[in-house]
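Please keep the sequence and the coordinates at hand while reading.

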Amino acid sequence: MARISHPPALPLYEPRELFRMPVSYLPSQIDGGAFTTPLNFRDSPFQLLWADIKLVASLLLWIPHIFLPLKTTSSYSELYPSWMNMRDLALHVILGTLGTIFLLIVVPLVIAAPGVASAVFVLLCCGIVWACCIPLRAKTKVLNSKASLDEVDVRPEEAWVFVNGVTAGEHWLQANIDLLSLIFKRPVVGIHNRTYGVVFDLMECLVQRCFSYSTDSTRITYRHLKSVLQDQKITRVVCVAHSQGGIILATALDSLFADVPSGSFDKLEIYTFGCAANHFNNPARFVPPPHASGPSNATTLPQHRTPPEVGLIRHIEHYANEHDFVSRFGVLHFTRDKLSNRFVGKVFENKGHGGHLMNQHYLSRMFMAESSEFLDQVVDIDEDTAILRDEATGKQGGVDIEPTNIIAGAPAVDQGAGPPGRETSSSVAGVVRGETPESHAGGAGDWDHAEEYRRSLQAQRGKTVRDLSRLWKYKGGGLPKD
C-alpha cells in the first residue's frame, strides 16, 4: 500500500534509544531485461515538470527538516559555529529570501506585465543573486581533499570522486571531501556543483531532471569519469554523490553508457546520499535467453528473467533519511511510489531521522563513529514494495505484451487498479488481490520467478546494515572482497 506520512512536529530531535526506529531496506531493482523505462523517457518534459511542481507543493512542510537537527560537535559539520559556516549560512538566508521574492513577486510581475521594464527587473534580481554567490564559488571547478593520509598506504589504482548537492559552496564542498577522505582513508576529488541558494538550486533540479539538462557540473562529471574509467592504471572508481549531485551523476551516466566500452564499468561503484534524481540507469550485461519451447529468434519472449547481478555497474547503494525533504523529493518517491520507473540500487532509509546536510546528517551519523548505531541496525526489508516492483517489471517485460511491441521498443503496458498513489500494472494488482498463478498470462515460469524472488528476500531477513552495505567496508582504508 502507498505510504501515508506526515511531517513530524518541529523541532526534530534524534529519536530516543527506547523508541529507536529501524532502517528500512529496499533491495536493488531486478531489471535484467531492461523492461522498465526511466520516467524522463516516458512522458513529456512539461508533464514531468508539472508533476514535480505538485510533488514539491505536497512536501513544502518538510523543507525546514533539511537543516534539522541543528546540534553538532564536529568541526566538519555544516552547522558547526565557525566563522566560515556562519558566513555561508548568512549568505544562504539572503539567497533564500531573494529566491522567494523572485517566485512570489518577480515571476507574477513578468507574466502580468511583460516588457522592457520587467526584463530589466529580472536582470537586476539575477545580478544581485550572482553577486551574493561570489564568496560561495570555488576558484576551480575540481577540488582535492586536504585531510592528512600520512599514516595510510594510498592506493594509486583507486579513484574516488564526489559530486556535491544543493547549497554547497566551496567551504562546504572542501569539508565534504575532507571528511570522506578521513573516514575512508583515500584522497577524494570533488566536482563543484555551484549553488545559487536553496530556491534557485531547487528550480535547477527541476529543469535538470525533467528536461535532462546537462549543466556545466554535469559535463565536468562526464569528462572526469570518462577519463578515469578508460585509464588502464585505475582498477577501481568509487563515485559518491549527494542531493543534486545524484541528478548530475545519473545524467552523466546516461551519456557514459553510450560512449564508454561496457567492460570499463566493471571498476565503477556508485554511492548516493539524499539523492534527488528521478531515475538511475544500469544497463543489463546480457539479454535473457529465449523461451525453451518457442522458436529461437529475437521475437520470442523470455521465460525467466535474468539474475540480480547483471548490470554494468555491479554496486549501487542509496542512503536516505526518512524526514529529509530532498530524499522524499527524490530517491524515496521514485523507488517506492513509481513502481515501473527504473531506479537501480539498494536503498537504506534511516527511519525517524531528518536532515539533509552531507557531513552533519549523513556521514557523521552513519559512518564516522567507531560503533555506528546505523550500521548495527537490523534492517526492516520492504518486501511489499520489492515484490510489487518486481511484478511491475515482469508485466512490462513478459506478460500480456505482444512480441512485436518488444522489438519496437514500446511495450504496451496494461494499467490496472492498484494501491493509491502508486504507478502499477494489472499483474501487480493481481498479486495484491491474491490471484493464483494460473490467472496470469505469463504462466508458471513467470510465477516461479516471483516465488524465487520472495525466497531471496526472506534470506536477507535478520541482517544488519553492516551485513548488506558495501560502502562501510572501505572505512578506515578497508577493501571489500569481490
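UniProt, in an unreviewed entry, places the feature "transmembrane region" at residues 48-68, 89-111 and 117-136. The model examined here is predicted, and the points below set two of these annotated stretches beside its computed geometry before turning to other local features.

**Annotated stretches**

- Over residues 89-111, one of the stretches that UniProt lists, the chain is 100% helix and 0% strand, with the end C-alpha atoms 32 Å apart.
- Over residues 117-136, also listed in the UniProt entry, the chain is 80% helix and 0% strand, and here the end C-alpha atoms are 30 Å apart.

**Helix α3**

- Helix α3 comprises the 17 residues 116-132, which at 1.5 Å a residue should span 24 Å; the end C-alpha atoms of the helix are 25 Å apart, in agreement with that expectation.
- The buried residues of α3 are Ser118, Cys125, Val129 and Cys132. They cover an arc of only 65° around the axis, and therefore lie on the same side of α3.
- As background to such a pattern, an α-helix has 3.6 residues a turn, so residues three or four places apart point the same way.
- Val116, Val120 and Leu123 are exposed on the other side of α3.
- What covers the buried residues of α3 includes α2 (83-112) and α5 (198-211).

**Backbone exceptions in loops**

- Leu68 and Pro69 are joined by a cis peptide bond, with omega at about 0°, and Pro69 lies in the loop between α1 (45-58) and α2.
- Lys185, a residue other than glycine, has a positive phi near 55°; Lys185 is found in the loop between α4 (170-184) and β4 (188-191), and its relative accessibility of 25% means that it counts as partly exposed.
- Ser243 likewise has a positive phi, of about 60°, although it is not a glycine; Ser243 lies in the loop between β5 (236-242) and α7 (244-259), and with a relative accessible area of 1% it is buried.

**Aromatic pairs**

- The structure holds 15 aromatic pairs. In one of them, the ring centres of Tyr25 and Phe348 are 5.1 Å apart and the planes stand at 35°, so this pair is tilted.
- Because Tyr25 lies in strand β1 (residues 23-26) and Phe348 in strand β8 (residues 346-350), the pair ties together parts that are 323 residues apart in sequence.
- Tyr25 counts as buried at 1% relative accessibility, and Phe348 is buried with a relative accessible area of 0%.
- Tyr25 and Phe348 both belong to a cluster linked by ring pairs, which also takes in Trp160, Phe184, Phe273, Tyr319, Tyr362, Phe367, Phe374 and Tyr474.

**Arginine over tryptophan**

- Which residue has its charged end over the ring of Trp62? The charged end of Arg328 sits there, 4.1 Å from the centre of the ring.
- Arg466 lies over the face of Trp472, at 4.7 Å from the ring centre.

Definitions and conventions
Residues numbered from 1 in each chain as written. Predicted model: local features only at pLDDT ≥ 70, side-chain atom pairs only at ≥ 80, totals over all residues. Heavy atoms only, no water. Helix = DSSP H or I, 4+ residues; strand = E, 2+ residues; numbered from the N terminus. Expected span 1.5 Å × (residues − 1). Buried < 20%, exposed > 50% of the residue type's maximum accessible area, 1.4 Å probe, protein only. Arc of directions from axis to C-beta. Contact = heavy atoms within 4.5 Å. Phe/Tyr/Trp six-rings, centres within 6.5 Å; stacked < 30°, edge-to-face > 60°. Lys NZ or Arg CZ within 6 Å of the ring centre and 35° of its normal. UniProt positions renumbered as here; feature names shortened; annotations may be inferred.
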